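Here is a short tour of one protein model, written for someone who likes to know the cut-offs. Have a look at the structure first, and then we can walk through a few of its features.

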Amino acid sequence: MEGDSDLQFLLSGADLLKVRSGSWKKTRFYKLQEDCKTMWHESKKALRPRQTFSVEDIECVRSGRQTEGLRKYTEEALETRAFSILFKGRRKNLDLVAASEEEAKHWVSGLQKIISNLNSLSQQQKTEHWIFNCLRKADINGDNKMSQEELKNFLKNINIEVDDDYVKLIFEVCDKSHCGFLELEEIKHFYEILTQREEIDVIYEEYAKTNGLMSAFNLLEFLSKEQKEEVDLAHAVQLIEKYELDEAEKQLMTKDGFLMYLHQPEGLIMKPSHKGVYQDMTQPLNHYFISSSHNTYLLEDQIKGPSSTEAYIRSLMKSCRCLELDVWDGSDGEPVIYHGYTLTSKILFKDVIKAIKEYAFKTSNYPVILSLETHCSVDQQKLMAQHMTTILEDALITKPLGDHMPMELPSPEELKGRFLVKGKRLNRLEALFLDEDTEEEEVVTEEEDSRDDDDEEDAQRNSSKKSKTLNLAKELSDIVIYCKSVKFHGFEHARNNQSFYEISSFKEGDAMKLAEKSANEYILHNEGKLSRIYPSGFRTDSSNYNPVPLWNAGCQIVALNFQTPCTEMDLNQGLFSQNGMCGYVLKPFFLRHRDSEFDPITLNRGPWLKHTEFRVMVISAQQLPKVNPKISSIVDPLVRVQIHGVPADMAEKETDYIVNNGFNPMWNSYFQFDLSVPKLALVRFVVEDYDAVSSNDFIGQCTIPFTSVQNGYRHVPLFNKNGDLLSSAGLFVHTMAVDAE
């Protein structure tokens, strides 16, 4: 970006109006620091007159008044001057107004270019970038030289604690000029010593049989023997041409090129072919696991937390394909979304639908299900239907596909770019093909002990003194096509009475009991119909339940609180990390067969049983972040390897902890896991900071389906508690799956 006008503007900086509310609008000076990855801005608070944030913490930059804050607290005339910086995790948006339209364009374009460039860096480039930034910070007096004391502080900054003798030794090795400090070339030498990967050296030297370098034949031998890849010489040549910087013309790979390869998709833990959509997407909707959110509108807890359209955007950008809309009467005639009978804030239903339309298909083209929990009067229900039909237009499914009554749900492929409404319907879908007219009816729903799912009860056409009366608008009923909500009355009743387009919802407790006590019946039910699971109403803190037992029972829509970082969300992110992260994962064949005898609890014999030995060696880690930002705090990392799947396969093993080294700890710890149903297994690597007194602190994790794991020497990317990638951190492992039968 050298010479780029947008970058030069950001480096010079400018005043921006920071908007928090109608009464809080303050002018602050913002500028990009010379490292081109840190934003600095002034603060009027005495304790923190200057503040910074990393560009790597930015999720995206949006031009215009696109956030709730800017729409609410600024005038429409500022549209071309306004923009927002949205951060990863739970950090609040930064709503800003530039002095002119031209300056706003500089800010938005410049930041987007920097974010794009940072994301496109290779792992090796990210490491170099990170280390040299740490070196710059360690250079206290800014003389571009490094004293022995500055070197020691630098090592602490990068998460490694060493004694004074070691610092003195490495300093003397690098100080070729014997002047008492390290200059540029000497600092480069120090960097080379610091970033030397002994474990990579050992592997490379074993196969570098051509004058100390790796020929295409040598690389092919490595790929076949170690990585267990069935590839030819042409593939090895392609890898050399792709990742070798110095010797590619001679068809030779240096150690740097080999390391570059190991950090690329071909060398990572997940199969490259699984990063795109690789599964059959033409099967009925009920044959897929569907990434699903509960109380999607909430950013925090369910009692007094804020509701926001941003929560919907965040879920959609994570490829969530089933969103919940909890709709109530608004005071000004417009329906609103919030958690009823609580202090959670309210947002307009129409604003949510607008946000959903804009962001629904940015990360996935496959259909989005709008799960309605409707508590509105008939008039506002009509307005709900009007908003959906006018805003979503032709993308909204308002009639069955085709000219004849379908016999099964359509496929994700057929529904690409479309919205489906889940809710109550006044009549059966067959009526559309029988020319039956249905007038607006009174619908009675049974009272539940939890408010969470009043809408999940089927429309019962009888009255009762013990029931609550609810009128359902025909306009809203008519756009419920493939996901009609009905009450579950047992498996036998469902077999005889429930149509393929009717969906039942289950509280987590009820679903867990069915998955444990009647797993095979649940699987057979889910073979032909959709099931939605939702958290208990007692989870007011927006915590989550374990989704794995429900997936094992074939449940498709296992709704979780996306706003809550937790192990359960890690598992959800892991399952849906495959298949192009499109939000749909094809269930294994034994969860789709109408005569399946599979039972995840009893594990009766059948084609689903494939006894497999999964061998894992946790070799090393690189650039682990600090848990405590204090410079003196160095992590003592350990790694847990977990298997999540059927009960018989659940297991966890861990390494020892390494004292005071988060930069390049090495374990070489070997584990073996015995799997019975590998098609339902998830592998989770968890890195923690050991604490002898209290519970360990979380550092990072990676969860992937076992069927997506590559054999051989692989780097494992790590994600923070919010599910965001830790740009420089990772594990290096060796994995091997062996058929034990």
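Let's begin with a strand pairing: Asp697 in S28 is the bridge partner of Asp689. Strands S27 (residues 682-689) and S28 run antiparallel and are joined by eight bridges; two strands pair if DSSP finds at least two bridges between them. Helices (H or I, at least four residues) and strands (E, at least two) are DSSP runs, numbered from the N terminus. Strand S28 (residues 697-705) is largely enclosed by the rest of the structure, because seven of its nine residues are buried.

A word on the model itself: it is predicted, so local features need pLDDT of at least 70 and side-chain atom pairs count only at pLDDT 80 or more, while totals for chains, interfaces and linings use all residues. Residues are numbered from 1 along each chain as its sequence is written, and side-chain values use heavy atoms, leaving out hydrogens and water.

Here are some accessibilities (buried is under 20% relative accessible area, exposed over 50%, partly exposed in between; 1.4 Å probe, protein chains only).

| Residue | Relative accessible area | Class |
|---|---|---|
| Ser177 | 39% | partly exposed |
| Tyr166 | 40% | partly exposed |
| Cys320 | 0% | buried |
| Cys566 | 17% | buried |

Ser177 lies in the loop between helix H6 (164-174) and helix H7 (184-194), and Tyr166 is found in helix H6.

What about disulfides (pairs of cysteine sulfur atoms within 2.5 Å)? The structure holds zero. Cys320 is in none, with the nearest cysteine sulfur, that of Cys322, 6.7 Å away. The sulfur of Cys566 is 14 Å from the closest cysteine sulfur, in Cys320, which is too far for a bond.

Conventions
Disulfide = S-S within 2.5 Å.
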